[in-house]
Amino acid sequence: MTFDRYARRKLLSHIIAVLTGLCVLAVLYPLASIVYEAFVNGGAVLFQVGSLTSVQPPPCSTLSCKTVGIGPAIQGTLIVVGLAAGISVPVGVLAAIFASEYRAWGLGRAISFTADVLTGVPSIIMGAFIYGYFVIYYPQIALSFYTGALALSALMIPIIVRTTEEALHVVPNSVREAAMALGISKWKATLRIVLVASLPGVATGVLLAVMRAAGEAAPLLFTLGYSTLWFQGLDHPGANLPLLIFLGALSGYPNLVKLAWGATLFLLILILIVNVISRFAIHRMQVRMGGV
Amino acid sequence: MDVPTLSTSSSRSANAPPNPSLRSKPVHRWPDLLFFGIVAAIGLSILGLAMAIVAILVYGSRYSFQAFGLSFLWGMVWSPTATPEIFGVVPFVVGTLVTSAIALLIALPLALGSAIFLTTNAPRWLRGPAGTAVELLAAIPSVIYGLWGLFIVHPYMATTVEPALKQYLGFTGLFSGTPLGIDVFTASVVLAIMIVPTICAISRDTLAAVPQSQKEAALSLGATDWETTRVAMIPYARSGIIGATILGLGRAMGETMAVTMLIGNIDKVPTSLLSGGQTIASLIATELLNNNGPLQESAVLEAGLILLVIALLVNVVARLLVWRVLSVGGGGAVE
């Protein structure tokens, strides 16, 4: 009798284990499908001569259409994300230093909480707010690399603040005390010792933020604008990979849809590489901190 | 280089009147103050950023606020072509809430099941790779989910899933209309796929933060694996799981590109799950840049303000819950 009951409980436990395992499969199926479809539909587009160096073809719907050219989109993405990183990395890292290294001021918690909440603000709001400001005060550059970079950095700063803060927390206090005991001034100790020790973690956070920005289309719709041309200047609208995917997918022209799949494959490969690198960096950091 | 500065400062302190406290002054006072000033100003600018977002959206929505006042909040009609133009936000609030609720309904069991499997039943060699794959899923841009949804999920929905739902669940009225595949239901399904990794990753972290002693106590009383999970782990991680769920909800409500590509962009309250609709985010994506005049632009920005307020509320609640559980699990656990 008791044995039967135990067997039933055991059975239930096994059933749940199988069910939760199936959950994992269901969750991971879309990942497999997205990667597979990207290779099937985008492989031929991406891996052909000139796909990275030529301009987008004109829309056409016959079978002999050109499907080559995501060059300007890659260039535009690099420029706008580079600019955004140029703004958000110093701001994010210094803000994190204030939040984590000057705890006595009591504002640290408020700042990390604000940054945490800001990471949850929808990305489209970041675009809308930059657009809302520039369209009133500087309408001539409302659609340009400047506003695109600002919108992306509003998105990236909170992420960089949070990850940098966490990386700074990993540095043991004994390191700070050792620096203090040697009479090294606080700014020098913070920048040259604490920050350097946490560099792999900081770099990981920056990489994650950069990848997030590189895949973001929503805030760029009305800040970067859209163009199919090579870079025309920072005060002009620019080409961009996620927007190329968005507009290509909705264009209805088979060759632009193919191009969108090619751009998708390019972004996916980039994300995969960056993920591997950041994982390696985290691992190295843990090894190093474990040794301290 | 450090030696002379040290000696000058000590000679200075020798000339100064004796200090009653034993604390010595910092050696490099001015550079430190300057560094502190820079760092503090930039740190405070994070608070400034948050305030600027609110302030600019409030200012941007002033025309709409003057024209409609609070009736914007319960206006059922959004019509830029009517004379005079009339804008009410209800269709989009309904669209946002319905899509995120369905997405949550689908995503929650899958995410929780995966989180439980990855913390309890999964063999060790599988935990790392599977966890990485879940995080990769979170790193895929929204627009790629949109493309995939449009060309892979949408045909399947239109030909297989939605006709079946209409046939078997049509009596509920939820699935009336023509199954086209570009509608509220497809958008919700793809949204669910997108928020699973968020809920799963955080739930897994909070479940993994349950102290070993809790699990061992349950196991020593003869509990099976599932009973241990149910009795010892889930209650301990509960507020973290709730927080993760709310974070997923927040992500679903703000998700733009995939929804914009799949929901059909119809500015009306959806009549069924198989009809087209619009969320606040997809409204902003499709109509902010149309240059249809200052009143419409202002109304779109006001809708954005409402989305921001909802997202902030959701996030503050979720963060407080997650913070509590992770700090309790880290610091308060008896090892």
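# Burial, helix packing and the chain contact

User: In this predicted model, what share of the 335 residues of chain B counts as buried?

Analyst: The model is a predicted one, and its chain B is built with 13 helices and two strands. Of the contacts in chain B with a separation of 6 or more, 74% come from residues 24 or more positions apart. Among the 335 residues of chain B, the share that counts as buried is 47%.

User: Which helix of chain B gives the most residues to the side that touches chain A?

Analyst: The contact between the chains draws 73 residues from chain B and 70 residues from chain A. By class, the side of chain B that touches chain A holds 53 nonpolar, 15 polar and five charged residues. With 18 residues, the helix that gives the most to this side of chain B is H2, residues 29–60.

User: How do H6(B) and H8(B) lie relative to each other?

Analyst: Helix H6 (residues 124–139) and helix H8 (residues 184–208) of chain B have axes 9 Å apart and pack at an angle of about 140°, and their crossing is left-handed. On H6(B) the contact is made by Gly131(B), Val134(B), Glu135(B), Leu137(B) and Ala138(B), and on H8(B) by Pro197(B), Thr198(B), Cys200(B), Ala201(B) and Arg204(B). The residues of this contact comprise six nonpolar, two polar and two charged. At about 140°, H6(B) and H8(B) are therefore oblique.

User: How are H9(B) and H10(B) oriented to each other?

Analyst: The axes of H9(B) and H10(B) cross at roughly 150° and come within 9 Å, which makes the pair roughly antiparallel. The crossing of H9(B) and H10(B) is right-handed, and the residues that make the contact include Ala217(B) and Leu219(B) of H9(B) together with Val231(B) and Tyr236(B) of H10(B). By class, this contact has seven nonpolar, two polar and two charged residues. The orientation of H9(B) to H10(B) is thus roughly antiparallel.

User: Is Gly222(B) buried or exposed?

Analyst: Gly222(B) sits in the loop between helix H9 (212–220) and helix H10 (225–254) of chain B. From C-alpha to C-alpha, Gly222(B) and Met194(B) are 38 Å apart in space, while 28 residues separate them in sequence. Because Gly222(B) has 9 C-beta neighbours inside 10 Å, and 12 or fewer is the cut-off for this class, Gly222(B) counts as exposed.

User: Which residue has a positive phi although it is not a glycine?

Analyst: The residue lies in the loop between helix H11 (257–262) and helix H12 (280–287) of chain B. With 18 other C-beta atoms within 10 Å, this residue, Asn265(B), is partly exposed. The phi is about 50°, and the residue that has it without being a glycine is Asn265(B).

User: How far apart are the C-alpha atoms of Pro91(B) and Gly277(B)?

Analyst: Pro91(B) is found in helix H5 (residues 90–121) of chain B, and it is buried, with 22 other C-beta atoms within 10 Å. Leaving aside neighbours within four places in sequence, the contacts of Pro91(B) are Met76(B), Trp78(B), Asp267(B), Lys268(B), Val269(B) and Gln278(B). Although Pro91(B) and Gly277(B) are 186 residues apart along the chain, their C-alpha atoms are separated by 7.8 Å.

User: How many of the 15 residues of H4(A) are buried?

Analyst: Helix H4 (residues 123–137) of chain A reaches 22 Å from its first C-alpha to its last, close to the 21 Å expected at 1.5 Å a residue. H4(A) is largely enclosed by the rest of the structure, because its buried residues number 13 of the 15.

User: What is the handedness of the crossing of H2(A) and H5(A)?

Analyst: Helix H2 (residues 71–101) and helix H5 (residues 145–170) of chain A have axes 6 Å apart and pack at an angle of about 35°. The residues of their contact divide into 20 nonpolar, seven polar and two charged. The crossing of H2(A) and H5(A) is right-handed.

Conventions. Residues are numbered from 1 along each chain as its sequence is written. Chains are lettered from A and ligands numbered from 1 in the order in which they are written. This is a predicted model: local features need pLDDT of at least 70, side-chain atom pairs count only at pLDDT 80 or more; totals for chains, interfaces and linings use all residues. Two residues are in contact if their C-beta atoms, placed from the backbone, lie within 7 Å. Helices (H or I, at least four residues) and strands (E, at least two) are DSSP runs, numbered from the N terminus. Ala, Val, Leu, Ile, Met, Phe, Trp, Tyr, Cys and Pro count as nonpolar, Asp, Glu, Lys and Arg as charged, and the others, Gly among them, as polar. Axes are lines fitted to C-alpha atoms, for helices over the stretch in contact, and angles run from 0 to 180 degrees between N-to-C directions. Angles under 35 degrees count as roughly parallel, over 145 as roughly antiparallel, 65 to 115 as roughly perpendicular and the rest as oblique. A crossing is left-handed if the near helix is turned anticlockwise from the far one by less than a right angle, and right-handed if clockwise. A residue is buried if 20 or more other C-beta atoms lie within 10 Å of its own, exposed if 12 or fewer, and partly exposed in between; C-beta atoms are placed from the backbone. The expected span of a helix is 1.5 Å times one less than its number of residues.
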